[in-house]
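Here's a quick briefing to read with the model open in your viewer.

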Amino acid sequence: MFCNRFKFSTKLIAALSVATLIISGITGLITYKVHLSLFNQEISRQYRQTTKQVLARLDSRVKDMYRITDYITLNPSVKTAILNQTAGATSFERMQVERVLDEQLYQVRLDAPEMIGMRIYDLKGNIMNLGTLSGSFQRLDPTCLEDMIDRLEGTAGEYVWSRVKLDPGSQMEPTNWVMAGRLMRSVDLETYGMMLILFNTSLFESHLKDLRVHEDANAYLFDGDGKLLYSLSGDAESVPDLPELGTDANLIQKEGGISYLYTNQVADKVNFSLVSKVSLEQIQSRSKVILQVAIISALASLFCSWLIITVISRRLLRPLGSLVQGMRRVREGKFDTRVSIRTRDELAFIGDSFNRMTSRIETLIHEVYEREISEKEAELKAIQAQLNPHFLYNTLGMFFWKFYMHGDENSAQLVNNLSEMLQYTLEPVQHLTTLHDEIKQINNYLEIQKARYQEALSIEIDLPDELLNCPVIRLLLQPIVENVFVHAFRNKKNDRRLTISGYRMLAAGENPEQLVLEIADNGSGMDQALIRSILELPGIADDGGRHIGTRSVIRRIELVYGAPYGVDIHSAIGKGTLVRLRLPYHSAGGGNGYDRKAARRG
C-alpha cells in the first residue's frame, strides 16, 4: 500500500492535520448555521419589539389628536356658533363665524402643529375653513372630499382616515398630507356637523423613521379598514403586495433571493395596523465573519499540528507507549503498577515520577481511609460536646423548685421544659432516639416559644402513629425549629404559623424506603444564594457553642446515613420556608401511645 511507505510519525502528522482541518471546518460551519438561526430569531424579536414600541408612541400621539378634536366638537361655543348660522349664509357671515371659531381653536393649533387645516360642514349646507392653511382644501380633488363625506355618513362619531388626492387642475407638486374626518356630536350625542382635518404626514413619519435601520427598510401604515395611509418610502399611491400576517406576528420571506423580515402590529387605541419590512442581507453579512474566522482557525490549527507533532513525535511516541500502558493499569485500579526505565532523559524522570506517584497513591488510599473514619468519629463527638452543658441541667432544677415553692407554676413549667431539653442532650451521641422522643423535646421548646409569643403563634404537628417509633438522630429537628423563630419570625409581628409533618415514602427503584419530615413556616423566607450556601455542607466551626443550626443537621445526616438521605430546602423571599429531611425508615413495631395533636394559637 502507498501509505505503508511512510513513517508512522509522518502518517500521524498527515492524519491529525486532515482531521483537524475537517473538524474545524465542520465545527465552523455548524457554528455559523446555529449562530445565523439564533441571530435571525433575536433580530426578529428585537425588530418586532421595536415596531411595537414605535406603533405605541404613534398610537398615543394620534390619540392626542383625537382628544384635541374632542375639545372642538364638545365645545359649547363651537356648537353655538355653527348652529346659529342660517342656510345659505353669505361669505361675510361665514367669515364672522370662522373668526369666532379661530379664536376658540387658537390653543388647538399650538398643541397640534401637524394639523394643517380644518373644514367644517354644518347641517344647513354651509362650509367653514379654519386654520392658516385652510385654503388647502380648495386644492383637493372634489371626489376625494365627497368620498370622505360618504364614509362619515354611516358612522357614529368615530374617526375615518384617508389619503388625499390633489385636484387634477392644480399645479402643486404631490403633497405629504393625510386627511381625517368625524361627525361633530355634542355631549348629548346630537350631530350638528362634519369635520375634516388635514394633517402633515410628519404625524406618522416622526415616529416611523425609527424603523429605517437600512436603506431598503420600509413600513406601511393602514387604517382600521385596511386601507394604506402612509408608506415610509413615500410611495403611498399603490398598496404593496404583502404576505399574510397575523396580529403581533413576524415572518421571514425571500424576495428576489433576498430574505426580508416582516412584522405586523395593531395599535391598541386607534386600530391602526403597522407592517414593517427590513432586509436581513446586510445584517447577516456581518455574521459571515464567524465563518471566515473558522476557516482561518482550521488552517492555523493544521499548521500548528504539523509543526508540534513533527518536533516531538520522534522523542515521545516510543517511550510514552510504556507509560500509557502503565496509566491504563492504574485507571483500572491496579496501583501496584510500575514502569521500566531504560533512559536517562526527561522521559526517565516522568517514568520515575509515575512510579513514585503510584506508590504514594497506594499508601495514601490506606491512610485517607483510616483518617476519614477517625475524622467522622471526632466530628460526631465535637457536635455532641456542643450540646452537653450538664451543669445547666442541675441549675435549672434548682430554679424549677424555687418557682414552684413561690407558686409560679407557669414559670416552673417553662424551666422544667428547658431542663428536659438539656437532659435530652446528655445521652451519648452513639445512641439513637425515636421520633416520639424527638417530638416530645420539640414540644418542650415550643411551649417556651408559646409563652413568648402567646396568641401571635400557631403550631401544627401532624405525624402518623406508624412513624413515632422510627429511630432518628438526637436533636435533629430542634435546630431547624429554632431557626424558624430566630430568623423566619424575626420581623413578623403576628400570624406566625409553624407546621411539622411527616410521612413514609415507599421504595422506588434504587431509592430505599424513607422517613420524610417537613418543617414549614410562613416567615420571611430565603433567596436561592443563601440556600445554596447552607447546602454546601461546610465543616461545623467551633463558634463557642452559640448554635448548631441547619448546617450541623445536614452534616450529621451525611456522616451517619450518607446518600441518598439528606436535606432539601424550598423557600422564597416573603413566602416562607419548607425544610424536608429524608431519613432511613426503620419501624420498631407498635405504637408507644404518643398523642398526635395539632396545637393552634393565634
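**Salt bridges, patches and a helix**

Searching the whole structure turns up 17 salt bridges. Keep in mind that this is a predicted model.

**Charge pairs**

- Some background for the pairs: oppositely charged side chains can pair up when their charged atoms come close.
- R61 and E114 make a salt bridge, with 3.0 Å between the closest N and O atoms. R61 sits in helix α1, while E114 is in the loop between α4 (106-111) and β1 (115-122), so this pair ties together parts that are 53 residues apart in sequence.
- R497 pairs with D495, and here the closest N and O atoms are 2.6 Å apart. R497 is partly exposed at a relative accessible area of 40%, and D495 is partly exposed too, at 42%.
- E513 bridges to R504, with the closest N and O atoms 2.5 Å apart. E513 has a relative accessible area of 24%, so it is partly exposed; R504, at 34% relative accessibility, also counts as partly exposed.
- There's a network as well: salt bridges with shared partners link R61, D64, R67 and E114.

**Surface patches**

- V18, I22, I26, I30, V34 and L38 make up a nonpolar surface patch of about 540 Å². One of these residues, I30, is in helix α1 (residues 8-73).
- On the charged side of things, E146, D147, D150 and E153 gather in a negative patch on the surface.
- D147 belongs to helix α5 (residues 142-153).

**Helix α14**

- The buried residues of α14 are G549, T550, S552, V553, I554, R556, I557 and L559.
- Just past the end of α14 comes G562, which adopts a positive phi of about 75°.

Methods: Residues are numbered from 1 along each chain as its sequence is written. This is a predicted model: local features need pLDDT of at least 70, side-chain atom pairs count only at pLDDT 80 or more; totals for chains, interfaces and linings use all residues. Side-chain values use heavy atoms; hydrogens and water are left out. Buried means under 20% relative accessible area, exposed over 50%, partly exposed in between (1.4 Å probe, protein chains only). Helices (H or I, at least four residues) and strands (E, at least two) are DSSP runs, numbered from the N terminus. Patches are made of residues with over 30% relative accessible area and no salt bridge: like charges are joined within 9 Å, nonpolar side chains (Val, Leu, Ile, Met, Phe, Trp, Tyr) within 5 Å. Accessible areas come from the Shrake-Rupley method with a 1.4 Å probe; for residues, only the protein chains shown count as cover. A salt bridge is a side-chain nitrogen of Lys or Arg within 4 Å of a carboxyl oxygen of Asp or Glu. Lys and Arg count as positive and Asp and Glu as negative; His and the chain ends are not counted. The place of a charge is taken as NZ of Lys, CZ of Arg, CG of Asp or CD of Glu.
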